[in-house]
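Subject: A structure for you to look at

Hello,

Here is the structure I promised you. Please open it and keep it in view while you read my notes.

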Amino acid sequence: MLEDALGYPLRTDDRVATLIIGGALIVAGVFVLPAFVLQGYLVRVLRSAANGEREAPSFTDWGSCSSTA
C-alpha cells in the first residue's frame, strides 16, 4: 500500500513535469494561491483514484475540468 502511494506520481508520461510543478507549489505553499491550485489537483487525484485509474493526473491540463459526475 505504501509502495503504491509513493509510486503513484511516477505512473504518468510527464512525471518530471508533475513532480517539478507539484514540488514548486508545495515549497511556495506559504502563499494563498498555490494552496488553491494544490487543492484542485488533490480533487483531480482523488477523482482519478476513485475511478480506478492507475495514472496520476498531470499538471499540463490547467484549464480542463474533467468531471465525471
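Below is what I found, from the whole chain down to single residues.

First, the ground rules. This is a predicted model, in which local features need pLDDT of at least 70, side-chain atom pairs count only at pLDDT 80 or more, and totals for chains, interfaces and linings use all residues. Residues are numbered from 1 along each chain as its sequence is written, and side-chain values use heavy atoms, with hydrogens and water left out.

**Confidence**

The mean pLDDT (the predictor's confidence in each residue, from 0 to 100) is 75 for the protein. A score of at least 70 is reached by 78% of the residues. Helix H2 (residues 15-27) has the highest confidence, with a mean of 80. Helix H1 (residues 2-7) has the lowest, at 76. Where pLDDT is low, the predicted coordinates should not be read in detail.

**The whole protein**

There are three helices and zero strands. Helices here are DSSP runs of H or I with at least four residues, strands are runs of E with at least two, and both are numbered from the N terminus. The order from the N terminus is α-α-α.

The protein has 69 residues, and 22% of them count as buried. Buried means under 20% relative accessible area, exposed means over 50%, and partly exposed lies in between (1.4 Å probe, protein chains only). The protein exposes about 5,100 Å². Carbon and sulfur atoms supply 68% of that area. The areas come from the Shrake-Rupley method with a 1.4 Å probe; for residues, only the protein chains shown count as cover.

A contact means heavy atoms within 4.5 Å. Take the contacts between residues at least 6 apart in sequence: 50% of them join residues at least 24 apart.

Which residues make up the largest nonpolar core? There are six: Tyr8, Leu25, Tyr41, Val45, Ala56 and Phe59. Such a core is a set of buried Ala, Val, Leu, Ile, Met, Phe, Trp, Tyr and Cys residues joined through side-chain atoms within 4.5 Å. In soluble globular proteins, nonpolar side chains tend to be buried together.

Beyond four places in sequence, Val45 touches Tyr8 and Pro57. Now look at Ser48, in helix H3 (residues 32-50). Is Ser48 buried or exposed? Ser48 counts as buried, because its relative accessibility is 6%. Its side chain reaches the backbone oxygen of Val45 at 3.0 Å. With neighbours within four places set aside, Ser48 is in contact with Tyr8, Glu53, Glu55 and Pro57.

Glu55 sits in the segment after H3. Glu55 is partly exposed, at 41% relative accessible area. Not counting residues up to four places away, Glu55 touches Tyr8, Arg11, Thr12, Asp13 and Ser48. Glu55 and Thr12 are 43 residues apart in sequence, yet 5.4 Å apart in space, C-alpha to C-alpha.

Leu10 is in the loop between H1 and H2. Leu10 is partly exposed, at 42%. From Leu10 to Glu55 is 45 residues in sequence and 8.2 Å in space, C-alpha to C-alpha. Outside four places in sequence, Leu10 touches Arg15 and Leu19.

Leu19 belongs to helix H2. Leu19 counts as partly exposed, at 44% relative accessibility. Leu19 and Phe59 are 40 residues apart in sequence and 9.2 Å apart in space, C-alpha to C-alpha.

Best wishes

Note on methods:
A polar contact is a pair of N or O atoms within 3.5 Å; within protein, one must be able to donate a hydrogen and the other to accept it, and residues adjacent in sequence count only if both atoms are side-chain atoms.
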